[in-house]
Amino acid sequence: MSDSAYGALYVVATPIGNLDDLSPRAARVLGEVAVIAAEDTRHSARLLRHLGLERPMLSLHEHNEAARVSQLAARLAAGDDVALISDAGTPLICDPGFVLVRELRDAGHRIVPVPGACALVAGLSAAGLPTDRFTFIGFLPAKGASRRARLEALAERDETLVCYESPHRIRDTLDDLATVLGERRVVLARELTKTFETFLDGSAEALLARLQEDPDQARGEFVVMVAGAPPRDESEQATLEADQLLAALLAEGVGVKQAAAVATRVLGGAKKAWYARAQALKDAD
Ligand code: SAM
């Protein structure tokens, strides 16, 4: 396939449920490479059987990825083309392959993406939330305190937030979304491309209640999408910026009176009000 003396690494997306989603190009590449590096060879053998293909496979997962790099680099140097696949969807997206791709790219090898299914893109494409900007946060931390801290760090972001979630934690995650992010629109995309594909939307609290009354809705695989923070009104924004200025001055050791004078000069308004605000910030510190 590749016309140089070196082979190429093809990073091939595979279906996330519906096997018809594998592209003809992906099937052709998988049928032509010398070896397929797969996250779980037994799992991927089923896909190859479905395609009527028989190719040599070797496992590549988080525990042996670093060790596989030199082995696969040698195959490429010998002129063999190699494909990388994961259990489902696009390799490297919450799946193994990053170390391999980074190392091979650094070594000057040709890396060719063969795009296809990816759960986060499929979810976003049908959720009806803004997609002009979004932040994908992978899986949230398993422990409640770390999960809430991660969400708190994202609370001010105004773009759509997207994460992956398992059936074991979906209720806890909805609970934390309700606590930390409040009344935002959340869309749950469950079992995408599969028989029980479902989109549910509403506040995190309403969705949690829905999953509690119908436990079937908590089964399967999830993409969780959350509307970004609503725009602040102008006065709220102005207060926030003023607080940031005052806090920065106080942190630099500037006194309350002087901080109030600077705020008055920069932002206008009554010096007395800035003094009271600076004093309140200092007392709260
Ligand atoms: N590489 C994959 C991709 O491109 O989407 C993601 C792999 S990650 C280990 C698995 C997670 O992806 C699942 O826990 C779930 O959150 C999400 N996922 C995968 N398939 C899905 C599907 N059919 N429906 C909803 N979410 C899915």
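Student: Which residue in strand 4 is the bridge partner of Y10?
Tutor: This is a predicted model, where local features need pLDDT of at least 70, side-chain atom pairs count only at pLDDT 80 or more, and totals for chains, interfaces and linings use all residues. Residues are numbered from 1 along each chain as its sequence is written, and side-chain values use heavy atoms, with hydrogens and water left out. Strand 1 (residues 8–12) and strand 4 run parallel, joined by 3 bridges; strands here are DSSP E runs of at least two residues, helices H or I runs of at least four, numbered from the N terminus. The partner of Y10 in strand 4 is A83.

Student: And which residue in strand 4 is the bridge partner of A37?
Tutor: Strand 2 (residues 35–38) pairs with strand 4 in the parallel sense, over 4 bridges. Two strands count as paired if DSSP finds at least two bridges between them. For A37, the partner in strand 4 is L84.

Student: Are the residues of strand 4 (residues 82–85) buried or exposed?
Tutor: In a regular strand the side chains alternate between the two faces of the sheet. Here V82 and L84 point one way, and A83 and I85 the other way. Buried means under 20% relative accessible area, exposed over 50%, and partly exposed in between (1.4 Å probe, protein chains only). By that cut-off, all of them are buried.

Student: How many Å separate the centres of domain 1 and domain 3?
Tutor: The chain is divided into domain 1 (8–117), domain 2 (120–226) and domain 3 (234–284), with bounds from an automatic or database domain assignment. Taken over C-alpha atoms, the centres of domain 1 and domain 3 are separated by 57 Å.
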